[in-house]
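Welcome! Take a moment to look over the protein shown here, and keep it open while you read.

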Amino acid sequence: MFLHSVNLWNLAFYVFMVFLATLGLWDVFFGFEENKCSMSYMFEYPEYQKIELPKKLAKRYPAYELYLYGEGSYAEEHKILPLTGIPVLFLPGNAGSYKQVRSIGSIALRKAEDIDFKYHFDFFSVNFNEELVALYGGSLQKQTKFVHECIKTILKLYKGQEFAPKSVAIIGHSMGGLVARALLTLKNFKHDLINLLITQATPHVAPVMPLDRFITDFYTTVNNYWILNARHINLTTLSVAGGFRDYQVRSGLTFLPKLSHHTSALSVVSSAVPKTWVSTDHLSIVWCKQLQLTTVRAFFDLIDADTKQITQNSKKKLSVLNHHFIRHPSKHFEENPAIISDLTGTSMWVPVKVSKWTYVAYNESEKIYFTFPLENHRKIYTHVYCQSTMLDTNSWIFACINSTSMCLQGVDLSWKAELLPTIKYLTLRLQDYPSLSHLVVYVPSVHGSKFVVDCEFFKKEKRYIQLPVTHLFSFGLSSRKVVLNTNGLYYNLELLNFGQIYQAFKINVVSKCSAVKEEITSIYRLHIPWSYEDSLTIAQAPSSTEISLKLHIAQPENDTHVALFKMYTSSDCRYEVTVKTSFSQILGQVVA
């Protein structure tokens, strides 16, 4: 009888554990946002021109091939070698196809057409015969050696050209990114053959499924080399993760190790990338239009006008990648932007002395400079916040130094602004700018378009509000709430005690608005200060919006930053924010 009861308890325990595992797996495979990526299409029929390899090389690697991507007239013209563009090599991942290069190749071709082929990129792709290298690592070393030979073959295609390249850029998807990093471990490989490495959904830290000795040994060799030789590696590297939609490679595996001597590496989740702002699954990361557009814009900004190739300046490369993938100021990239701008011309100068100001611009016949004297505001407020719904790339906010009411020259603060999906905004802490006498907001003359500019001064303690998260084992039965009754435009909720991978919460934002005729948009942003994994939610007010709070990277031990829930709100609305533990998502985090 005793043994029978013990067996029943064991059975009940195993059934319960299977139930929890099922809940966790359901959250991993189905508990994410819908696919918001736009499909990228070709304008002309894609063609893949097979590049003839040396006979010895073709005999040594009979299953592998090298292709050049093209469309229409470009494809026809480039069947006659040598080439004249900038080489980029695409490496597919586990069971990947060389044809996956078509999305970024096509977008880059359209961009080149827009500038009359002043510069253009030649996109090559390797055919690894769709080998399953994530399951069996025995082919990874062979792939790496073949890619080395492909790079040398590609560079020979430009021989004799005036601006012949001496290196290639590499885009590696999934395991293709690891193969690209492995190139540096080859004995005869010259590091300067690669000028830039971009990896997409590549598990850099460890294999997703360490099924055999070959794959674990390969990872150990690659990662140990990069750690031990960090001081000598000067390869600018960008790793882009897909976020929670990518359940095949969780984003925590894609973050390159932060080495004290290797400062040319960036890791970011696609949901945090400006002008992308979406999570991608493991395959859509290679065709997601928003992300590929961002990548192509970065490529063109990386071109050196003198060599007509990708710049060798590491500082510029990192600046370009930061501009397009980390923080976009809603300005075209400039290597050395002008900090001082002329504020001249036939313009109106309108003084504004109130602490909260809104201007609706519509069919403006002349330029207007709105000036905000800072002297009196410094005595009361700690910060100033301005935003504009005009998302062009022109400068829009300046500062005068020691001026009375207007200035002929101003400090261009537009470079310190940040772009979001529906606004560009700037927040300044007034004590950081003691020499500034006036803030200047520029409204250009516009015809037929309407936009809104807002500014407000505020005290930090009124807008930075602490919101401790609920306990892990509260199972969603308890919650914490904050009510924002003031009519501000910007709030920071400090999510105290939130910094571990196994934590997961649901946050609900209820907005209640006074009677307004026009549609009101609010933006809610989870900002993680210790890694680039922000996520944005756009909500129409009034509404009730539920948002998941989860992490890809745990907070480092010595890091004192606090995760923030940033709210870009409307002064016509009041907001109620509630946070509670999500047990099913906790299980999903543990299972993943």
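The notes below walk through this protein topic by topic.

This is a predicted model, so please read each point as a description of a prediction. The protein is divided into three parts: domain 1 (54-326), domain 2 (340-460) and domain 3 (463-591). A search of the whole structure finds 15 salt bridges, and a search for aromatic pairs finds 28.

**Domains and distances**

- If you mark the C-alpha centres of domain 1 and domain 2, you will find them 41 Å apart.
- For another sense of scale, take Ser514 and Val205: their C-alpha atoms are separated by 50 Å, and the two residues are 309 residues apart along the chain.
- Ser514 itself sits in the loop between strand S25 (504-513) and S26, and it counts as partly exposed because its relative accessibility is 42%.

**A mixed sheet of six strands**

- Six strands make an open sheet in the order S11-S17-S16-S20-S14-S12, and their pairing is mixed.
- At the edges you will find strand S11 (340-342) and strand S12 (347-351), each of which pairs on one side only.
- From one strand to the next, the twist averages 35°.
- Inside this sheet, strand S16 (residues 397-401) and strand S17 (residues 409-412) pair in the antiparallel sense over two bridges.

**An antiparallel sheet of five strands**

- As a reminder, strands of a sheet pair through backbone hydrogen bonds, and they can do so in a parallel or an antiparallel way.
- Here five strands form an open sheet with antiparallel pairing, in the order S13-S21-S15-S19-S18.
- Strand S13 (356-362) and S18 stand at the edges with a single partner strand each, so one side of each has no neighbour in the sheet.
- Strand S15 (residues 383-388) and strand S21 (residues 450-458) run antiparallel and are joined by six bridges.
- Cys386 has Cys455 as its bridge partner in S21.

**Salt bridges**

- Side chains of opposite charge can pair when their charged atoms come close.
- Glu44 and Arg110 form a salt bridge through their side chains, at 3.5 Å from N to O.
- This pair links distant parts of the chain, 66 residues apart: Glu44 is in the loop between helix H1 (2-30) and strand S1 (46-50), while Arg110 is in helix H4 (residues 102-114).
- Are these two partners buried or exposed? Glu44 counts as partly exposed because its relative accessibility is 32%, whereas Arg110 counts as buried because its value is 13%.
- Glu44 and Arg110 also belong to a network of salt bridges that includes Glu71 and Glu113.
- Arg245 forms a salt bridge with Asp281, with the closest N and O atoms 3.5 Å apart.
- Here too distant parts of the chain are linked: Arg245 is in the loop between strand S7 (237-241) and strand S8 (265-269), and Asp281 is in the loop between S8 and helix H8 (289-301), 36 residues apart.
- Arg245 counts as buried, because its relative accessibility is 11%.
- The side chains of Arg525 and Glu418 meet at 2.9 Å, N to O, in another salt bridge.
- Arg525 is in strand S26 (residues 520-527) and Glu418 in strand S18 (residues 418-419), 107 residues apart. Both Arg525 and Glu418 are buried.

**Aromatic rings**

- Ring pairs connect Trp357, Tyr359, Phe370, Phe372, Tyr381 and Phe457 into a cluster.
- Lys308 lies over the face of Phe163, at 5.3 Å from the ring centre.
- Arg463 lies over the face of Tyr491, at 5.3 Å from the ring centre.

- Most residues other than glycine have a negative phi, and most peptide bonds are trans.
- The peptide bond from Ala541 to Pro542 is cis, with omega near 0°. Pro542 lies in the loop between strand S27 (535-541) and strand S28 (543-550).
- Glu130 is not a glycine, yet it has a positive phi of about 55°. You can find Glu130 in the loop between strand S4 (121-127) and helix H5 (140-156).
- Ser174 also has a positive phi of about 55° without being a glycine. Its place is the loop between strand S5 (168-173) and helix H6 (175-182).
- Glu130 counts as partly exposed because its relative accessibility is 46%, whereas Ser174 is buried, with a relative accessible area of 5%.

Key. Residues numbered from 1 in each chain as written. Predicted model: local features only at pLDDT ≥ 70, side-chain atom pairs only at ≥ 80, totals over all residues. Heavy atoms only, no water. Domains from an automatic or database assignment. Pairing = 2+ DSSP bridges. Helix = DSSP H or I, 4+ residues; strand = E, 2+ residues; numbered from the N terminus. Axes fitted to C-alpha atoms, helices over the stretch in contact; angles between N-to-C directions. Salt bridge = Lys/Arg side-chain N within 4 Å of Asp/Glu carboxyl O. Buried < 20%, exposed > 50% of the residue type's maximum accessible area, 1.4 Å probe, protein only. Phe/Tyr/Trp six-rings, centres within 6.5 Å; stacked < 30°, edge-to-face > 60°. Lys NZ or Arg CZ within 6 Å of the ring centre and 35° of its normal.
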